[in-house]
Amino acid sequence: MKLLSKRNSYFLFAILATAFFYSKDGDITTSVYATGAAFALPLALAAMVGIMCERTGIVNIGIEGTMLLSAFVAFFVSSLTQNIIIGLICAIFTGSMMGLILAVMAVSWRMDQIIAGTILNILATGLTSFLYVQGKTIPSVFQAIEVPVLSKIPFFGPVLFIHGALTFIGIAIILALYVAIYHTSWGLRSRAVGEHPSSADTAGVSVARLRYINVTIAGGIGALAGAYLSLELVGSFERGFTAGKGFTALALMIFGRWNPLGALAAALFFGLAQAYANQLMIDQVVNIPTQFTAILPYVMTIVVLTISAGKVRPPAAEGQPYEKGQA
Amino acid sequence: MIKRISAVTAALALATVGFIVPAQAATTEADCGTAGAFCVGLVTDLGKVDDKSFNQSAWEGAKAGAAKAGGFAKYIETTDSKDYAKNMALFADKGYNVIVTVGFLMGDATAAAAVKYPKIKFIGVDQFNSSTATNNTGLIFDEDKAGFLAGYLAAYLTKTNKVGAVFGMKEVLPVRKFGEGYENGIAYGAAERSKKIKSTVVYHAAGDNAFADPAWGATTANQLLTQGYDIIFGAGGSTGNGALGKVAQKAGAFCIGVDTDQYYTVPEAKACIVTSAEKKLSLGVSTLIAQAKAGTIKGGNFTGQVGLSPFHDLDSKVPAVVKVRLKKVTTGILAGSISTGFKG
């Protein structure tokens with residue numbers, strides 16, 4: 001591996017830039033990076049849903065709906081039982097069921113997967129809008145935990161090691177998913193099913209079964225992203241709560257080339273850009289029109305995408321229903 | 001199978017176009033357009049009717065106004081800004097007498113509808129009306145005054161001398177008026193205390209969800225909190241509510257609500273809401289509906305009342321001296337003897 005490969009030079013640039021900002025004002029830089037991480041986590045988790053589904057050949061545009069309904073269930077069950085753990089468990093069950101419904105439509109019924117995902121989104125919007133009631137509260141949010149010792153490290157401590165429980169679970173899932181996709185037999189089979197299902201079938205992998213399992217688990221991860229929003233980040237629920245994050249996540253998945261770490265990096269980049277856009281407004285350093293600062297994260301993402309992406313290739317069998325015996 | 005499923009999809013899609021919910025009142029919708037019936041239709045902006053701030057207050061005003069007039073009220077939630085005219089036409093075609101449109105962004109569509117339906121009285125909440133049509137009345141507020149008072153109070157309550165705000169879209173005039181008034185109020189209070197107080201307003205990164213992004217509001221509020229800001233004014237539908245909820249999780253920090261007394265509407269923020277920069281929206285809407293019923297509504301613009309809500313649970317945290325000063329400044333601001341410094 002070349003030491004100064006294209007990828008490494010980006011990392012080097014990012015590290016140098018961070019060090020430069022940190023030397024200018026340590027506290028602000030730490031705060032901005034911690035904020036960027038908070039912006040990034042739900043997006044990264046939602047992107048994992050997309051990766052898990054598309055790697056096995058199922059397009060899931062119902063991530064938004066999965067997150068929305070799960071955030072709703074997480075909040076209202078927590079409010080009803082006054083216990084956020086029960087709320088979280090019910091949310092993950094709900095998300096998995098959303099995944100299962102998608103699998104039934106996409107795998108068993110061989111429906112158009114875009115329509116199947118849209119149904120999930122409409123279902124979630126309709127249900128949460130209709131059932132929503134005001135004035136409910138939860139006993140508390142998942143409070144920030146300070147990891148002993150590690151959280152005392154300057155810069156890295158506050159950015160990486162002072163978060164709520166769901167953030168840590170989320171980061172663990174992202175790392176585990178990376179290992180699972182590239183270094184386990186399950187990952188190899190999943191990728192095979194997403195690239196060339198008939199070959200995988202010939203080799204004895206049950207395409208339908210694997211797709212069912214992966215899409216259902218992915219739904220559970222989507223639920224965690226939703227529950228993070230309502231039980232850790234905000235501590236409430238409002239209609240239209242997820243505000244399009246499930247769709248942004250799909251873009252980040254492509255930006256990260258269907259690789260969990262790639263998507264995480266993309267989400268961190270996007271989150272950091274948002275945090276810096278905010279910081280420009282907070283500091284009022286120069287009198288830039290807010291319209292400009294507002295579009296900054298999007299422009300930066302497009303620029304980086306254009307420079308770095310090159311040719312992006314999705315899993316070959318993505319979006320195609322599989323029938324035994326087809327070529 | 002495909003056919004059956006697409007039929008289900010179509011039905012679900014229809015269900016999301018708009019939730020239409022009537023309020024209880026004397027007449028029913030079937031009577032609208034007949035003599036003696038009095039029907040009020042309300043079209044929300046992209047936010048929801050139960051947004052705990054301005055759509056909700058306007059709807060409560062519409063219900064109250066209609067009930068008082070012995071009429072009937074109903075709302076439509078707009079889900080796409082391209083539907084403004086269509087949603088108004090739904091009411092107009094059924095013979096409604098009054099149509100209330102909520103939100104600055106609907107101003108042009110309302111003015112156009114007023115020309116198209118000269119017999120219907122239009123009330124545009126938060127819409128400065130520059131037309132001469134007598135059937136179109138803008139209900140406007142001096143948000144800069146409410147913002148100024150909130151800022152003045154914040155300048156006296158801050159311990160870190162850093163006061164912030166998390167807002168919706170800057171292009172929306174009332175939001176900007178709150179923001180500039182707030183910053184000028186902070187400066188006014190800081191000058192009185194001869195202290196240097198840093199103030200900042202962070203506006204949402206525009207787009208369709210500027211008023212419906214609580215996660216952004218919460219994260220941005222937290223960004224300010226970690227930088228030592230100890231009072232945060234959250235304004236802009238559920239985006240602002242998200243900010244309020246986050247501030248409540250931090251001990252010792254105060255938050256300021258907007259539009260209505262949000263102590264009642266955002267229960268998760270009770271611990272931090274010291275006051276709300278209130279626009280008496282319900283009162284304004286119901287007053288104008290009463291005028292429409294009586295036939296005295298004139299067109300042009302009607303300025304509603306503004307002010308600060310009670311301190312509620314945090315009453316003991318506001319020193320008596322500050323209360324006295326605030327009262328004096330409130331009188332000055334409302335009478336116009338103190339300028340909010342809003343330039344437009």
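Modeller: Two strands pair if DSSP finds at least two bridges between them, and the strands (E, at least two residues), like the helices (H or I, at least four residues), are DSSP runs numbered from the N terminus. This is a predicted model, in which local features need pLDDT of at least 70 and side-chain atom pairs count only at pLDDT 80 or more, whereas totals for chains, interfaces and linings use all residues. Residues are numbered from 1 along each chain as its sequence is written, while chains are lettered from A and ligands numbered from 1 in the order in which they are written.

Colleague: Why do S8 and S13 of chain B stand at the edges of their sheet?

Modeller: The open sheet has the order S8-S7-S9-S10-S11-S13, with mixed pairing. S8 (198-203) and S13 (306-308) each have a single partner strand, so one side of each lacks a neighbour in the sheet.

Colleague: What makes S9 and S10 of chain B paired strands?

Modeller: Three bridges join S9 (residues 231-235) to S10 (residues 254-259), and the definition asks for at least two, so they pair. They run parallel, and B:Phe233 stands opposite B:Ile256 in S10(B).

Colleague: Why is the side of chain A that touches chain B said to have 23 nonpolar residues?

Modeller: Contact requires C-beta atoms, placed from the backbone, within 7 Å, and 42 residues of chain A are in contact with 39 of chain B. On the chain A side, 23 residues belong to the nonpolar class (Ala, Val, Leu, Ile, Met, Phe, Trp, Tyr, Cys and Pro), two are charged (Asp, Glu, Lys or Arg), and 17 are polar, the class of the others, Gly among them.

Note on methods
Contact = placed C-beta atoms within 7 Å.
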